[in-house]
Amino acid sequence: MVVESYRFLPRSFRPFYEGRGPFPGEESPVWAPFEKRLAGSRIALLTSAGVYLKASQPGFDLEREEANPEWGDPTWRSIPSAARAEELSLAHLHINDEDALADPEIALPMRGLAELVAEGAVGGAVANHVSVMGYQDRGLRDWRNTTAPEIVAQLREQGADGLILAPA
């Protein structure tokens, strides 16, 4: 099977990722082989659409981003895999949220993952997926120091073997 990693990226994004080589300070592009069989793996989803539970979680900080367009809210939200579409909302300045609100599977394909688990193609799904706001400041200091370590800790605690990015 050939996986077209960049098939769904906008054409203008492809040159940034495809064949880019290492970033400054890297010896080679970051790559981690997936050594377990997918059918025996527990998978988590991460959406960059700014999804949150409207009854119990704050939205992402759009006011600050509007005032400072170079900033992106570095916080994250834990989204239960059993959450229903009507329980979700999203806060993101760089995407049109109408379609994602009509069908959150566009941004966070929890039902699709559950179907793959039911079919046996995937071993299992974590109980709580992850949501972030995809747009971030260029320095990524908060991400490196706080957000990423917190997300990794939560995913390890749930026994996640892999993470699927569902970009918005």
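Reader: Is Val 130 buried or exposed?
Author: Val 130 is buried: its relative accessible area is 0%. Keep in mind that this is a predicted model.

Reader: Why does 0% put it in that class?
Author: Because buried means under 20% relative accessible area, and Val 130 comes out at 0%.

Reader: Where is Val 130 found?
Author: In strand 6, which covers residues 128–132.

Reader: And what does Val 130 touch, not counting residues up to four places away in sequence?
Author: Val 130 touches Leu 45, Leu 46 and Thr 47, then Trp 76 and Arg 77, then Leu 108, and finally Ile 151, Gln 154 and Leu 155. Taking Leu 108 from that list, its C-alpha atom is 9.1 Å from that of Val 130, and the two are 22 residues apart along the chain.

Reader: You mentioned Arg 77. Which ring does Arg 77 lie over?
Author: The ring of Phe 60. Arg 77 lies over its face, at 4.0 Å from the ring centre.

Reader: Switching to cores. How many residues are in the largest nonpolar core?
Author: There are 15 residues in the largest nonpolar core, and Val 51, Ile 79, Ala 83, Leu 88 and Met 110 have the most contacts inside it. Strand 1 (42–47), strand 2 (51–53), strand 4 and helix 4 (110–119) are the elements that give it two or more residues. Another core, of 9 residues, lies apart from that one, with Trp 76, Val 126, Val 132 and Trp 143 among them.

Reader: What does Leu 88 touch, again not counting residues up to four places away?
Author: Leu 88 touches Val 51, Tyr 52, Leu 53 and Lys 54, plus Ile 79, Ala 83, Leu 101, Pro 104 and Met 110.

Reader: Now a histidine. Where is His 92 found?
Author: His 92 is in the loop between strand 4 (88–90) and helix 3 (98–102). Since its relative accessibility is 12%, His 92 counts as buried.

Reader: Which backbone atoms does the His 92 side chain pair up with?
Author: A polar atom of the His 92 side chain lies 3.4 Å from the backbone oxygen of Ser 48. The His 92 side chain also reaches the backbone nitrogen of Gly 134, at 3.5 Å. Beyond its neighbours within four places in sequence, His 92 is in contact with residues including Ala 49, Leu 62 and Tyr 135.

Reader: And Gln 158, where does that lie?
Author: Gln 158 lies in the loop between helix 5 (141–157) and strand 7 (162–166). With 15% relative accessibility, Gln 158 counts as buried.

Reader: What does the side chain of Gln 158 reach?
Author: It reaches the backbone nitrogen of Asn 128, at 2.7 Å. Leaving aside neighbours within four places in sequence, Gln 158 is in contact with Arg 42, Val 126, Ala 127 and Asn 128.

Reader: Zooming out, how many helices and strands does the chain have?
Author: The protein chain has 5 helices and 7 strands, in the pattern α-β-β-α-β-β-α-α-β-β-α-β along the sequence.

Reader: And what share of the residues is buried?
Author: Of the 168 residues in the protein chain, 31% are buried. The accessible surface comes to about 11100 Å², and 54% of that belongs to carbon and sulfur atoms.

How values were computed. Residues numbered from 1 in each chain as written. Predicted model: local features only at pLDDT ≥ 70, side-chain atom pairs only at ≥ 80, totals over all residues. Heavy atoms only, no water. Helix = DSSP H or I, 4+ residues; strand = E, 2+ residues; numbered from the N terminus. Buried < 20%, exposed > 50% of the residue type's maximum accessible area, 1.4 Å probe, protein only. Polar contact = N/O pair within 3.5 Å; in protein donor to acceptor, adjacent residues only side chain to side chain. Contact = heavy atoms within 4.5 Å. Areas by Shrake-Rupley, 256 points an atom, 1.4 Å probe, with all protein chains shown as cover. Lys NZ or Arg CZ within 6 Å of the ring centre and 35° of its normal. Core = buried A, V, L, I, M, F, W, Y, C linked by side-chain atoms within 4.5 Å.
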